Amino acid sequence: MTHPAAYERLTEQLAQRGIDVAQVKARLKTQHIETPSWGYGNSGTRFKIFPWPGAARDIYEKLADAGYIHRLTGVAPSVAIHIPWDKTDDWDGLKQYAEAQGVAIGAVNPNLFQDEAYRLGSICSPSPAVREQALAHIVECCEIMPRVGSTLLSLWFADGTNYAGQDSISGRKHRLEEALAEVYKYVPQGARMLIEYKFFEPYFYHTDLADWGMAYATALKLGERVQVLVDTGHHAPGTNVAHIVAFLLDEGRLGGFHFNARKYADDDLIVGSVNPFELFEIFTELVMAGERARDVAYMLDQCHNIESKLEAMLVSILNCQVAYAKALTVDYKTLREKQLAGDVMGAHRVLFDAYETDVRPLLAQVRVEMGLQPDPLAVYHADDYARRVAEERGVSATGWS
Ligand code: PSV
Ligand code: MN
């Protein structure tokens, strides 16, 4: 079936479901997925970095790649940066360079896990000097934010312990709260602090912010402009992530996402590759939350080690678009009626009908209306960007930077 015919059939189907297609398209055109600078450079598994031909070697190349991805998709207009990996002595120049690539700088992520001093943690370390060092680094990131136009300080702490009795769990909690209360004073006006949790790794007995509840309790103590960041890969198997999302949205404390897919442990696979239904469920909660989801930041947090980084980034964005499009085509009115009537299977079917809908013709049409090619992956395969950067940049020995 040709693309216009498929689109026409789909719009008929959606109209029967009571969906306002024009409104759905308008919302799809304003979707915004932030890509991570670290996803464009070389990275590795726990055991080895496999250099990728053409992988970006510095922040300028990362921004150029991000600009290319945005040109293909139209929905990836910002890039999260990681300090010091992306540090420069010319922030104004970097901001301008990003703009010239068609992207803006998004969340600023301090690195609190790679310095020798952080062996026992950063802001939770038993050493006051190490805590001071970590704090100074986060404050430095707060100072970078206005210079690059960022309104998000994104915090992940690799803090925790490996053995019972290694350190005082409550003592570490107090150190964390004390440090973050200090950090909060430096978060620029109008900006937000997002705190991310992870229940394991690099420490395995306990992590200081192990789950959403701990991050949420911390956010409540700190102040209005502190919210929780949900990294989809940071949950135990079986966790209902959509439930967490619904709860945080309702409390006004969902700050943003790090999207990725987790199969066993860490979080670096393409979002929606393992768990497309979970991603759809998350997006339905966001759609249902309406205005309460207005400020949520949608970011990818993925590093691709054995696959093409650019293609993986592209597929990740397309998967987010598909999940959002499906969530926008749910018949929420009928869903609520079925829920209130106690029609268990009826309500589930309403949701599943949307999930089963092939929204690709709709997305193709949205792209055409945005002045883009309908199939970004086909464009990627047909053009020579990846080959060109592979030739220009070669295979670099850089990694995790
Ligand atoms: C490590 O798990 C991690 O992927 C966290 O999710 C952070 O967000 C990211 O690294 C960048 O520091
Ligand atoms: Mn993350």
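This is a predicted model: local features need pLDDT of at least 70, side-chain atom pairs count only at pLDDT 80 or more; totals for chains, interfaces and linings use all residues.
Local features here need pLDDT of at least 70 and side-chain atom pairs count only at pLDDT 80 or more, while totals for chains, interfaces and linings use all residues. Residues are numbered from 1 along each chain as its sequence is written, chains are lettered from A and ligands numbered from 1 in the order in which they are written, and side-chain values use heavy atoms, with hydrogens and water left out.

The protein chain holds 15 helices and ten strands, where helices (H or I, at least four residues) and strands (E, at least two) are DSSP runs numbered from the N terminus. Its radius of gyration is 21 Å, close to the 21 Å that the globule rule gives for 401 residues, so the chain is as compact as a globular protein of that length. That radius is taken over C-alpha atoms, and the rule is 2.2 Å times the number of residues to the power 0.38. Along the principal axes, the C-alpha atoms fill a box of roughly 65 × 55 × 40 Å. Of the 401 residues, 55% are buried (under 20% relative accessible area; exposed is over 50% and partly exposed in between, with a 1.4 Å probe and protein chains only). Among contacts (heavy atoms within 4.5 Å) between residues at least 6 apart in sequence, 79% join residues at least 24 apart.

Six of its six residues are buried, so β2 is largely enclosed by the rest of the structure. In a regular strand the side chains alternate between the two faces of the sheet. In β2, Ser78, Ala80 and His82 point one way, and Val79, Ile81 and Ile83 the other. Strands pair if DSSP finds at least two bridges between them. On this basis β2 runs parallel to β1 (residues 35–36), joined by two bridges, with Thr35 opposite Val79. Strand β2 is also parallel to β3 (residues 104–110), through five bridges, and His82 has Asn109 of β3 as its bridge partner. From β2 the chain crosses through helix α4 (residues 91–100) to β3 in a right-handed β-α-β crossover. Right-handed means that, with the strands pointing away from the viewer, the path from the first strand over the helix to the second runs clockwise. A β-α-β unit of this hand is also made by β1, helix α3 (residues 59–73) and β2.

Two loops carry cis peptide bonds. The bond from Ile83 to Pro84 is cis, with omega near 15°, and Pro84 lies in the loop between β2 and α4. The bond from Glu201 to Pro202 is cis as well, with omega near 5°; Pro202 is in the loop between β6 (192–196) and β7 (206–207). Glu201 has a positive phi of about 70° although it is not a glycine, and this residue is buried at 9% relative accessible area.

The manganese ion (ligand 2) is coordinated by Glu196 (OE), Asp231 (OD), His258 (ND1) and Asp301 (OD) at 2.1 to 2.2 Å. Donors are N, O and S atoms within 2.8 Å of the metal (3.2 Å for Na, K and Ca); water is not among the atoms, so sites may look incomplete. The six donor atoms subtend angles of 71 to 162°, which makes the arrangement octahedral (six donors, with opposite ones over 155 degrees apart and all others between 65 and 115). In sequence the donor residues follow the spacing E-x34-D-x26-H-x42-D. Asp231 lies in strand β8 (residues 226–231) and Asp301 in the loop between β10 (297–300) and α10 (309–328), so the pair ties together parts that are 70 residues apart in sequence. Asp231 is buried at 0% relative accessibility, and Asp301 is buried at 11%.

Conventions:
Four donors count as tetrahedral if all angles lie between 85 and 135 degrees; four count as square planar and six as octahedral if opposite donors are over 155 degrees apart and all others between 65 and 115; anything else is irregular.
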